[in-house]
Amino acid sequence: LPLAAFEDACRVRNYNPAALAQAFQASFATVLRRLASLPMGRGHPPIGLAACDAAGVLTLVKPVPGFALPRTGGACPLWPLYAALNRPAQPIRLEVALPGSSATRLLCYAIADTRPSPRFDVPTPVQSTMLVMPDPPETASIAQPVGVSCRICPRANCASRREPAMKGVRVETAL
């Protein structure tokens, strides 16, 4: 995905990963990583990226304003990054909203894919990749509530909560 051609295609296709993957005959995960590596200062929107292995351990995080995941400990299991692990090879597009008065909205694209195993009878390595774009255009859809991690999430009624919030975290009702 040569930079000059990819930049032009991004602008023409409005940074749509599916359209770019089709135009370049490239895998969805490859396009997500290429989008996240576009040089800043050339008119591109801010783009974040996260990747994890099959155990959900973050192997890469490129934060952008409004998006960060913890480098240690468990992240919120509601991010599309983790949903993709349950649906390998199926691209996911989902708007998410962080808790708080600002309710930051992010547009996420995620996919899990497998890497070839060099031997027989060895589990196939799986990796999930998620692209994050802040400030998506307003839509009629309701954004999926997510958090950073359970320890600092103020959502009280979250079915995915695995541990209580730390004392002093103001609790809000989940959507």
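A pocket here is an open set of grid points with protein on both sides within 12 Å along at least five of seven lines.

**Entry: model and largest pocket.** I am working from a predicted model. I looked up the largest pocket, and its volume comes to about 220 Å³. I then listed its lining: N14, Y15, N16, P45, R93, L107, Y109, M133, P134, D135, P136 and P137. I checked which elements give two or more residues to this lining, and they are β4 (105-114) and β5 (126-134). By residue class I get eight nonpolar, two polar and two charged for the pocket lining.

**Entry: the sheet.** I traced an open sheet of six strands in the order β2-β1-β5-β4-β3-β6, and its pairing is mixed. Which strands are the edge strands? I find β2 (58-62) and β6 (144-145), each of which pairs on one side only.

**Entry: helix on the sheet.** I looked for what packs on the sheet and noted helix α3, residues 28-36. Helix α3 touches β1, β2, β4 and β5. I took its direction against that of β4 and got about 135°.

**Entry: strand β1 and its neighbours.** I followed strand β1, residues 48-53, to β5 and found six bridges, with the two strands antiparallel. To β2, strand β1 is joined by four bridges, also in the antiparallel sense. I picked L49 to follow across the sheet. Its bridge partner in β5 is L131, and in β2 it stands opposite K62. I also looked at the hairpin of β1 and β2, which has four residues between the strands. In that hairpin G56 takes a positive phi near 85°.

**Entry: aromatic pairs.** I searched the whole structure for aromatic pairs and found two. I noted the geometry of one of them, F6 with F24: the centres are 5.5 Å apart and the planes make 50°. Why do I log the F6 and F24 pair as tilted? Planes under 30 degrees apart count as stacked and those over 60 as edge-to-face, so the 50° of this pair makes it tilted. I placed F6 in helix α1 (residues 3-12) and F24 in helix α2 (residues 17-24). The two are 18 residues apart, and the pair links distant parts of the chain.

**Entry: cavity.** How many cavities of 30 Å³ or more are there in the whole structure? My search gives one. I read about 60 Å³ of space in the largest cavity. Its lining consists of C76, P77, L78, V146, G147, S149, C150, C153, R155, C158 and R161. I sorted this lining into seven nonpolar, two polar and two charged residues.

How values were computed. Residues are numbered from 1 along each chain as its sequence is written. This is a predicted model: local features need pLDDT of at least 70, side-chain atom pairs count only at pLDDT 80 or more; totals for chains, interfaces and linings use all residues. Side-chain values use heavy atoms; hydrogens and water are left out. On a 1 Å grid over the protein atoms alone, a cavity is a set of points where a 1.4 Å probe fits but cannot get out, and a pocket is an open set with protein on both sides within 12 Å along at least five of seven lines; lining residues have an atom within 4 Å of a point. Grid points are joined across faces, edges and corners, and a volume is the space filled by probe spheres set on the points. Ala, Val, Leu, Ile, Met, Phe, Trp, Tyr, Cys and Pro count as nonpolar, Asp, Glu, Lys and Arg as charged, and the others, Gly among them, as polar. Two strands pair if DSSP finds at least two bridges between them. Contact means heavy atoms within 4.5 Å. Axes are lines fitted to C-alpha atoms, for helices over the stretch in contact, and angles run from 0 to 180 degrees between N-to-C directions. Rings of Phe, Tyr and Trp (its six-membered ring) pair if their centres lie within 6.5 Å; planes under 30 degrees apart count as stacked, over 60 as edge-to-face and the rest as tilted.
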